[in-house]
Protein chains: 8
Amino acid sequence: MTRSDVTLDVTRGQRIGLGEAVLSDSKTVEQLVTVLRQADEAGLTMLFTRLRPEQFSALPAPWRQRLQYEEDSRTAFFGDPPPPERPAEIAVVTAGTSDSRIAREALRTLAFYGHAALEVHDVGVAGLWRLQRRLADIEAHRVVIAVAGMDGALPTVLAGLVPGLVIAVPADTGYGIAQRGVTALHSLLASCAPGLVVVNIGNGYGAACAALRVLSYDRPSAS
Amino acid sequence: MTRSDVTLDVTRGQRIGLGEAVLSDSKTVEQLVTVLRQADEAGLTMLFTRLRPEQFSALPAPWRQRLQYEEDSRTAFFGDPPPPERPAEIAVVTAGTSDSRIAREALRTLAFYGHAALEVHDVGVAGLWRLQRRLADIEAHRVVIAVAGMDGALPTVLAGLVPGLVIAVPADTGYGIAQRGVTALHSLLASCAPGLVVVNIGNGYGAACAALRVLSYDRPSAS
Amino acid sequence: MTRSDVTLDVTRGQRIGLGEAVLSDSKTVEQLVTVLRQADEAGLTMLFTRLRPEQFSALPAPWRQRLQYEEDSRTAFFGDPPPPERPAEIAVVTAGTSDSRIAREALRTLAFYGHAALEVHDVGVAGLWRLQRRLADIEAHRVVIAVAGMDGALPTVLAGLVPGLVIAVPADTGYGIAQRGVTALHSLLASCAPGLVVVNIGNGYGAACAALRVLSYDRPSAS
Amino acid sequence: MTRSDVTLDVTRGQRIGLGEAVLSDSKTVEQLVTVLRQADEAGLTMLFTRLRPEQFSALPAPWRQRLQYEEDSRTAFFGDPPPPERPAEIAVVTAGTSDSRIAREALRTLAFYGHAALEVHDVGVAGLWRLQRRLADIEAHRVVIAVAGMDGALPTVLAGLVPGLVIAVPADTGYGIAQRGVTALHSLLASCAPGLVVVNIGNGYGAACAALRVLSYDRPSAS
Amino acid sequence: MTRSDVTLDVTRGQRIGLGEAVLSDSKTVEQLVTVLRQADEAGLTMLFTRLRPEQFSALPAPWRQRLQYEEDSRTAFFGDPPPPERPAEIAVVTAGTSDSRIAREALRTLAFYGHAALEVHDVGVAGLWRLQRRLADIEAHRVVIAVAGMDGALPTVLAGLVPGLVIAVPADTGYGIAQRGVTALHSLLASCAPGLVVVNIGNGYGAACAALRVLSYDRPSAS
Amino acid sequence: MTRSDVTLDVTRGQRIGLGEAVLSDSKTVEQLVTVLRQADEAGLTMLFTRLRPEQFSALPAPWRQRLQYEEDSRTAFFGDPPPPERPAEIAVVTAGTSDSRIAREALRTLAFYGHAALEVHDVGVAGLWRLQRRLADIEAHRVVIAVAGMDGALPTVLAGLVPGLVIAVPADTGYGIAQRGVTALHSLLASCAPGLVVVNIGNGYGAACAALRVLSYDRPSAS
Amino acid sequence: MTRSDVTLDVTRGQRIGLGEAVLSDSKTVEQLVTVLRQADEAGLTMLFTRLRPEQFSALPAPWRQRLQYEEDSRTAFFGDPPPPERPAEIAVVTAGTSDSRIAREALRTLAFYGHAALEVHDVGVAGLWRLQRRLADIEAHRVVIAVAGMDGALPTVLAGLVPGLVIAVPADTGYGIAQRGVTALHSLLASCAPGLVVVNIGNGYGAACAALRVLSYDRPSAS
Amino acid sequence: MTRSDVTLDVTRGQRIGLGEAVLSDSKTVEQLVTVLRQADEAGLTMLFTRLRPEQFSALPAPWRQRLQYEEDSRTAFFGDPPPPERPAEIAVVTAGTSDSRIAREALRTLAFYGHAALEVHDVGVAGLWRLQRRLADIEAHRVVIAVAGMDGALPTVLAGLVPGLVIAVPADTGYGIAQRGVTALHSLLASCAPGLVVVNIGNGYGAACAALRVLSYDRPSAS
């Protein structure tokens, strides 16, 4: 396949404040290299998501060495992110330990754009005291990204307790009728808590982007 | 249609401690009368569920007058229930006001078998303090029937807080992806709380029967 | 049914900045009156959503007269909202004329909390020029609520063009495999645009609440 | 990933009489070790479910040797369970031989809490005599856990024959439209037998926990 | 709409031994009359299924009077059926009283082709003794049509007990996750009983046609 | 609601050769009138689809009288269509009589753009001779629109027999697992015939538009 | 796991004329050996279905050597089947070459019970002449088993052409919305052909059993 | 398995202008060889789709060497295609780089029949300028094949901009609720753009065949 099957959205950063990210897992190594080369030529930094370890390993060494890869989150940075701004305005909360890989994708996306975040893990509603103990910390943040699988109940409970924007990320944890996250997704959308918003199953990247839209919005001057 | 399309399960009470109940809404008036006549001949009391007001009104007066009908729950008693045993061993809890008609079906079923129950209404997880205020009352009961629609989060939270058996009844409240209760049902089945059990959407009758199995079990002597 | 099946979440406003709203369509008139009476006693204003005209008409006159009802959006205000703040920081955009009743629910919720909004209607992607003509207006707003049924493509296109937070509301417009909004909902969740967030089908109220969380967040001082 | 993504629910046992169990299969080895270390430090025993053989093998030897692992059920005990109480008050019944691995998860959970159980296997309704031959044994137990895949008919038949609480566990046996247990699950929820309760597909652990709630309930004295 | 939108399959009876039947409920009165006129001209008898009472009433009197209509089954005969052959080789069995209207459609279809049938009603598996009492009668028939809604368990149990062909007809009885018969349908297809065959939800007509194919097959002589 | 919720796509005709059509059934009378007024002011003709008789009747007389309404197809013309071109290059084929109202929507759309069509009705595959008798007629047309519900088999058979483009329109005829056309839709998409294309359930309008794109394409000269 | 998790239905053959068959793929080798030993002790022959090659290979040699295994159909015979009766009364027809492994399961089941069958392969409806060329052969058989994936159209066309009982077996051939056979299954159930009966996806065994019920029925003498 | 399970549709090319293609991935090597041998004997060229690399490698060398295999598209040609006609009348457009393997299947099918095509890649709607830059090129083509996964929005936008026939191919790109292409498929069918037609998920072959039906139609002279 030739280079022509990649067309980078080089002006996305100017338009919306977020550059294009590369959803990697269904791309061939050749396609990933083409992306890297085009980004390099255009002088763009680039975030790669869902980059499987075997894809990363298969990249030619010169390109691979220019990527900062984290296996847990399956993300890579091409180009250096800015140092994290503090204090954190975003909290990332998980219902269970198994959800932390999705939280990592959100955290890495935030880091790529220079944002720190509070992490609060494994505070699912089956043991409410865990959440309550951390509540004051969480509610001091303008945006809360809440990751939950199975029944998806944590973000609903959170959205009833904190005033900031709660962005729910359904996780594919659980089995049987958890349906790889579909049950959590639907439950979150049907939530009885007002103003809870939802992204796709496992979409830590998208939740982080939404948080960035909230925090980084700068009214266009001359659009 | 002739009488022959009804075959009452006259020995059910002896077998399992619960007599046959009549799921009424897809039966014709003729079929309902046949059921009543057979029950009367067999000397059985009988519980009718999902008996629509227009069905009740269409019954011949002599039969209608022998029924104790409650429109909210769409239940009717044929024959007098025993007086309620006290103190209550069952709590019936609802997440929202709209769920109370399903709770009523459970309460009426319990009443038909002579059981009282604690009622706690409208304590959904979007405002947790409502549940926490009533928690000590609830946990003093051996069985908790918890009715919730939309996200179905309440029974999960409850089952993390109380030691008794929690029986979740998904409700068809909500709209859109709440899917007439399917989302709540699936969420409840995927619950992260240990030992939560679930019945069909809107099945207050079934939840009550399960509670009765727990409370009334008497090891068969000579089966 | 007695008053006890309503438990208002009277402290919600203090906790999260948004008071309880009443999802009305599956409530009985008696339940609605109980809610009104409790709100009145507690000195709360109250927003009613999905209040059907026949429900509104069936309310006792003294209560009905204290409600400001709008039939298009099926919303009612109990108590006077504050005057709208200007300039608007929120834009409400619809893909088609049939989506405007959902947009109205969002607009009324915003109005209940004293927020104005820009309205842009019927700019679906089958005729892109309509959207492009209004783009500069839209992107000057911090939050964009975008309502779309059928294929749900508009919010995706918008989120690729504007930097603010785009909250997508799937609509139940369309027929056949549009599945009363489920197809639009799933399409929006699978969007290729970064940071698009989604609420339940037809949930204009929820989208407005999310916008209010963004705009009104005030870090708790002593939580 | 650091230790901070695990927060054990250390007070669950006190609250509800059942300690936290660890759903293992989507956890990394590092996370499992963190759980073990926290449990060890807190002096807790711990049940691991869905622990795959390769996960067990990958644990560091010192931890692995302190686990009592059973491959059939994919469960492990950390800490010694109490000796089983007798006589058994719980029966575990399977419809087919393929369902026995799910039954094992229930039996191991019961054993972890010191409960014996009667086992009755492969008595599905396609050959009713098998069930009828064992019926007297089964009905002498207060709680019956019934595992069935494919059509899920066995628990319904059982619940029409025995007076105790019947907890149905749908199994993912079967193929095609059996849909990995979803058909059995839905069929069980739609059961015509009164008071049948249901847990998630393959959730032998949950069924056992529900049984334990029934048998071990002890009214809180000072909650 | 003109006559040209009807093309009767006038040779179906010769080909397969079963004439065309008219699925009526989505046809206009004009279309029904066109069908009747064409059948009359071709000298064909004709079976109408799912003919709603209001459709029947709306037919012009001359046509209406030539139909033998039965409201329970929503069937009509155009032309006289042959007298029923005896003894019956087909049994029609229902799980519940609510299923009898579907059984009627099967019985009427059999009658239209001159076949008698044994009727056994309301023998669902929640009370097995009802079925067992009638088993000897049922198994003396070559084909058994078994109608069941909710969990759809009866035909499975039957197919494990009788040697003839068992044709399962799922019924739309039940509520919630019974999903208007889809759960029963899927459960029947996933049945553990060997050789159970299934038709569409509520398709008593189709079950009867299958039975007629079994009983009436006559090897074509010169095809 | 004010006029501002309608934005006609006035340049659609120039862009793609097909003007905007108005999907009417979820619009209010006020919205329909706004559309008419804007079209009138812009000098556009306009096609209305899914215009229910009660909507048509509720239109103010001056507007209603300027519409050519056909109840069978629920379509209306605003403005006069050109006279039909002959000979027809499109055939419209239905599997059953009940499908003809969808065929009518296609035929009316073609007529609105000045195209005649061959009609062949009720030639479903249960009686193949009906189709074979008309095959030579059908295959003389460049585009075949084939409407089928239930199993959706007709368009597949047709696409194996004729060389032109076959556009399948699934119909919502049938019951039970026909799922209001979803089964036919999915079956058509999974067709074993090469090059069969599909539109939404009941979308006769869309099928006609696709046919018009094939027949009317005129390479843009200066785009 | 001990021997006790197998309970052979040793009287099935006497009851219904078909012995128990062993659905093998989710059974352990130990369970398969237990089944073989019990069958051997009871003097039963036994049919194994869905026996994967790796399962067969893992059986202890003494048992393996007593099985007649066919890899294509994943079936094994324990004990010798009777010689095939002739002439064949059953035809097995496939729509595509990929469906032949399912047809093989049916053919092997028939062979196990001593029945021959006519095989007609790859005669799907995209090229109707293939079916028509073999039609006279097929219709000379009392029962037709028709296997089809993708759109599932072949059995419908067949059932409109032949008078015998047509048993449709949906196949999991196809991709995308073919949904591993679910689309074919639903299409077959919604068929417009009268009296078509259906079994589970890929259930060649079940189709053969149904055919055997038709052919082998022998009215019980003393039941 | 013997040769008899393959029946080539040798007259398909004469009937509809498109020869049979072989959907390879569920066929055995033996079946593929049988197809090749029959094609060779009949003097037919043949297109193979979904031929996995391991299937291709497993073919006997004499046959393998006569195939022109392309791994990206998993297609093979048996026999030489005609040289491509120019100028191209078809454009193939993809929304993302990951969709190009599906586009390749379409392009190879076109090439097999001697048609060139314009390729435009990675112009999804999240960055509209990419599409707009290529619009004039695209609209100069009579047929546009548009491949899109995730939300499936690109073909809708295209169909609102170009006058030719737009054939949408949903892709299985994306994750979670993208549901392996089902969401894109349903979104495309519910499209608000007039005359968009759709094929199965990933069916580049089918889209190409539809395009060929449009371009190559030649009215049968003597059918």
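The dialogue below covers symmetry, a chain interface and a domain interface.

A: Begin with the kind of model. This one is predicted.

Q: What rotation superposes chain F on chain H?

A: A rotation of 180° with 0.0 Å of shift along its axis, at an RMSD of 0.0 Å. Of the residues of chain F, F:Val198 comes closest to that axis, at 2.6 Å (C-alpha).

Q: Back to chain B and chain A. How much area do they bury between them?

A: The size of an interface is often given as the accessible area lost when the parts come together. Here chain B and chain A bury about 1,900 Å², 70% of it on carbon and sulfur atoms. The contact joins 22 residues of chain B and 22 residues of chain A.

Q: How many salt bridges and polar contacts are there between chain B and chain A?

A: The salt bridge count is 0. The rule finds 7 residue pairs in polar contact, both residues at pLDDT 80 or more.

Q: Which helices of chain B each supply at least two residues of the side that touches chain A?

A: Helix 6 (128–139), helix 7 (154–159) and helix 8 (182–189). Helix 8 gives the largest share, 4 residues. By class, this side of chain B has 13 nonpolar, 8 polar and 1 charged residues.

Q: Now look inside one chain. Which domains does chain A have?

A: The domain assignment gives domain 1 (3–78) and domain 2 (90–217). Their C-alpha centres lie 26 Å apart. The contact takes 19 residues from domain 1 and 14 residues from domain 2.

Q: What area do domain 1 and domain 2 of chain A bury between them?

A: About 1,300 Å², 59% of it on carbon and sulfur atoms. In domain 1, A:Leu18, A:Leu47 and A:Phe77 lose the most area to domain 2, together 39% of what that side buries.

Q: Which residue forms a salt bridge with A:Arg104?

A: A:Glu70, with the closest N and O atoms 2.6 Å apart. The count between domain 1 and domain 2 of chain A is 1 salt bridge.

Technical notes:
Residues are numbered from 1 along each chain as its sequence is written. Chains are lettered from A and ligands numbered from 1 in the order in which they are written. This is a predicted model: local features need pLDDT of at least 70, side-chain atom pairs count only at pLDDT 80 or more; totals for chains, interfaces and linings use all residues. Side-chain values use heavy atoms; hydrogens and water are left out. Copies are superposed by least squares on the C-alpha atoms of residues with pLDDT of at least 70 in both. Contact means heavy atoms within 4.5 Å. Buried area is the accessible area (1.4 Å probe) that two parts lose on being put together, summed over both. A salt bridge is a side-chain nitrogen of Lys or Arg within 4 Å of a carboxyl oxygen of Asp or Glu. A polar contact is a pair of N or O atoms within 3.5 Å; within protein, one must be able to donate a hydrogen and the other to accept it, and residues adjacent in sequence count only if both atoms are side-chain atoms. Ala, Val, Leu, Ile, Met, Phe, Trp, Tyr, Cys and Pro count as nonpolar, Asp, Glu, Lys and Arg as charged, and the others, Gly among them, as polar. Domain bounds come from an automatic or database domain assignment.
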